[in-house]
Amino acid sequence: MSDSVDSWILKKVSFDIFFSALKSEDYKVLSPQVEDGAVTWFEASEADDLKQGFSDQQNIGSYRLNQTESDVWFSIVHGAQSLKSLTFKPRQATVKIIKTEAGISFQAEQPKAEKIAVIGARACDVAALQIQDRVFLGGAYQDEYFKANRESLLIIAVNCTHAHETCFCASMNTGPKVKAGFDIALTELKDAFIVEAGSMAGKRIVEALNLTVAPKDMSKQADRLIEHCAVSQKKRMPQQNLPQALYEKQHSEHWDDVATRCLSCANCTMVCPTCFCHAIEETPDMARQTSERVRVWDSCFNPEHGYIHGKNMRPTTADRYRMWMTHKLGSWIDQFDSSGCTGCGRCTTWCPAGIDLVEEAIAVLGEDAMEKKA
Amino acid sequence: MNTFADFHAARIMGKREETPDVWTFRLRFEAQNIADRFAFKGGQFNMVYLFGVGEVPISIMSDPDDKEGLDHTIRIVGRVTRGIEKLNVGETLGIRGPFGKGWPLEEAKGKDIVVITGGLGCAPVVGAIEYIFRRREDYGQIKILHGVKTPRDMLYKARFETWARYPDTQVLLASDQPAKAWHYHVGVVTELFDMVDITPEKTIVMMCGPEIMMQAGAKHLAARGVPPQQMYLSMERNMQCGIGLCGHCQVGPYFACKDGPVMTYDQVAPYLGI
C-alpha cells in the first residue's frame, strides 16, 4: 500500500476477516441490530449479524421498522440510540458514602471501560461524539467516566446513502459522509464496502486486512451515492447569526405557541446525541449505613431542571422549549464553539407531538431566516 | 481527581439560628491536609452534602483568611436543607468545592463600594464586607444597602450596626413591613438608592438577592452612570455539579457554577429572569 492510497475494497463475502482483526485486538463488536422491535447496539460476532433485515422509515413524529428482503446490510439509517449511550452512560455510579464511627467516608467509583468497536455509526453521531468531547473533555474539569469509555471506543462508521424526511445533516455540515473523528469508514455498495481509515488505530487494522485498492469507478460510485443522499435532504437548518439571533428572540411569542403542542416529555433530549445534562440519584440502603450516588441523564424538559432553593427558573413548557432550542442551536456555540445540533433529526422523529425542530427554528427566527447567510 | 466524587467530610463545630428558618453552620474538615489546602474567595460556593439525601450549593460566608473553619448560612427550604437543619454539633456533612468566581475584591481596591442585598442575599456578601473592613485602608467609601421583607428576616443585625460605625461607611436598611423596634426605612430596598451619593466611575457595586431587586438596582445605577462592567451580581441557579458539566445552571451562554456565580451586569443583563 502506498501513502497515496486512501480507499480499499472489502468484499461482503470476506467481511469476516474484519471481525477476526477486531477480535485479535480484543474488541467487543457492537452494531445496530433489531431486537424486540427496536434498534439497539447489540453484540455482533460475524458478518451475518450485521445484516439488519429491516429498514427504518422516519418522519415527523413517526418511526417504523419494515422487514426487508433487500441485500443491503446497513438498511437502517439509525435507531433512537446514538453513540451517546456507549460513552456518556445513562447510569453511572460515581461515589459510595459509608457511615463510620467518626462520621462519613467517601469511596469514589473508579472509571473502567471495556474495549468496544462499533460498526455502523452514522456521520451525524460521530460528529455528535466530537461535540460531547468538547463538553466533557474540553474544559477545566473533565468527566473521567466519559473519557475512559471514549478512549476505548473504536468507531467504524458507515456513510449514509439514504436519508429520511427528518434528516438535515447536510445543512449542519456533519454528513452524510463521515468527515472526522472516526477510525474506519465504510461505504456500502452491492457486493462490497469501500474502506477508508481515519485514525492511526484504524489504519493499523485496515492494513492488516491486506485489502485491494478500490478502483476509481467504485470510489466514484460510492461518492455519488453519498452525494445523492445529501441532495435528497429537504430540511435545512437556518444558520444565520446564531446564537445572537436566538438571544434576541427570548421574549418571542412563538415559545407560547410551541408550548401548546409540546408535552415536555423529554423524548427529544433523551434521543439527542449531544444532550449532556445529568443529575445525581442518591439511594441509601434500608439501614441507612451506606448510600450510593449514580449519575443519570437529565433533561431541560424535566420540571426540576431549573429548580433552586424553593423557586423554579423555568416553570412553564414555553420556558423549557426556549431553553432547549436556544441552548442546542445558539448558546452551545458560545459555550463550546460548535452547534449542539448535528442534524440527525431524532428529536423530530421521536417527538410524540410531531414538533419539528427545523420548522420551529424557522418560525421563531422569522420568515427571512432561511435567506440570510452567516 | 475524580470530579464527581471529590467529597471531603466536614464536622459541624457550631450551629447558630439566625432567623426561624435560617441557620449558620460552622464546619471544619476532618482531614487536616484538606483543611490546610482549602482556599477560597468571598462569593465562591461549596456543594454541601447530606448523607443519604443529596447536595445543595451554598455560598461560603466566612473570611477566606479564617483557617479555623468555614461558615455556611443555610435557609431551610427543601429536602436537603431540612435534613441539615436537624443535624447537631459533632455530626458530619460532605463538602465539594470551592466552586465558581467570587467577588472582585482585588479589582475593588482603591474604589468606592456599594453593596446592595436583599433577604438571605446578604449571606454571600457578608464575608466580602468583613474582608474589606479588615483591610479598610485599601478601599474607598463603603455604602451598604440591605432590604428585608419583615424585621424578623433581618440577618446579622449586630454586624450591620457595627459596620455603620466604621469611618466613611453608610449602612441603610429597609423593611417592607414596619415593626415597633424597626427604626430604619420602611419600604423596598430600591427606595434607598436615592439616599446615597456615588461617584459612578470609581464605584464597584456588589449585589446579591432576588433577581428582580438586582435588576432594579443595576438599572438605577446604570442610569446614574455606573459602568455595567463595574456592577457584580451573584446569580442563583440550579448548580448541581459545580464544574460546568451537568447543564442545569445556565444563564444565557454562561454556566453560573463556573462562569459565576458572581458575574457582571454587562454579562448577564440580557438574561436576567430567564
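Begin at the interface of chain B and chain A, where 17 residue pairs are in polar contact, both residues at pLDDT 80 or more; such a contact is a pair of N or O atoms within 3.5 Å, within protein one able to donate a hydrogen and the other to accept it, and residues adjacent in sequence count only if both atoms are side-chain atoms. This is a predicted model, in which local features need pLDDT of at least 70, side-chain atom pairs count only at pLDDT 80 or more, and totals for chains, interfaces and linings use all residues. Residues are numbered from 1 along each chain as its sequence is written, chains are lettered from A in the order in which they are written, and side-chain values use heavy atoms, without hydrogens and water.

Select next the side of chain B that touches chain A. The elements giving two or more residues to this side are β1 (8-19), β4, β6 (92-99) and β14 (254-255) of chain B; strands are DSSP runs of E, at least two residues, and helices runs of H or I, at least four, numbered from the N terminus. β4(B) gives the most, with five residues. By class, this side divides into 24 nonpolar, 14 polar and seven charged residues.

Now show both partners. In contact (heavy atoms within 4.5 Å) are 45 residues of chain B and 51 residues of chain A. The two chains bury about 3800 Å² between them, 59% of it on carbon and sulfur atoms; buried area is the accessible area (1.4 Å probe) lost on putting two parts together, summed over both.

Across this interface the rule finds two salt bridges, each a side-chain nitrogen of Lys or Arg within 4 Å of a carboxyl oxygen of Asp or Glu. Select B:Glu236 and A:Lys311, whose side chains meet in a salt bridge at 2.9 Å, N to O.

Move to chain A and select A:Arg204 and A:Glu25, a salt bridge at 2.7 Å, N to O. A:Arg204 lies in helix α7 (residues 200-208) and A:Glu25 in the loop between α1 (16-24) and β2 (28-35), so the pair ties together parts 179 residues apart in sequence.

The backbone comes last. Most residues other than glycine have a negative phi, and most peptide bonds are trans. A:Asn210, in the loop between α7 and β12 (212-213) of chain A, has a positive phi near 55 degrees. The peptide bond from A:Leu242 to A:Pro243 is cis, with omega near 10 degrees; A:Pro243 is in the loop between α8 (216-231) and α9 (244-247) of chain A. In chain B, select B:Gly260 and B:Pro261, joined by a cis peptide bond with omega about 5 degrees.

Conventions
Nonpolar A, V, L, I, M, F, W, Y, C, P; charged D, E, K, R; others polar.
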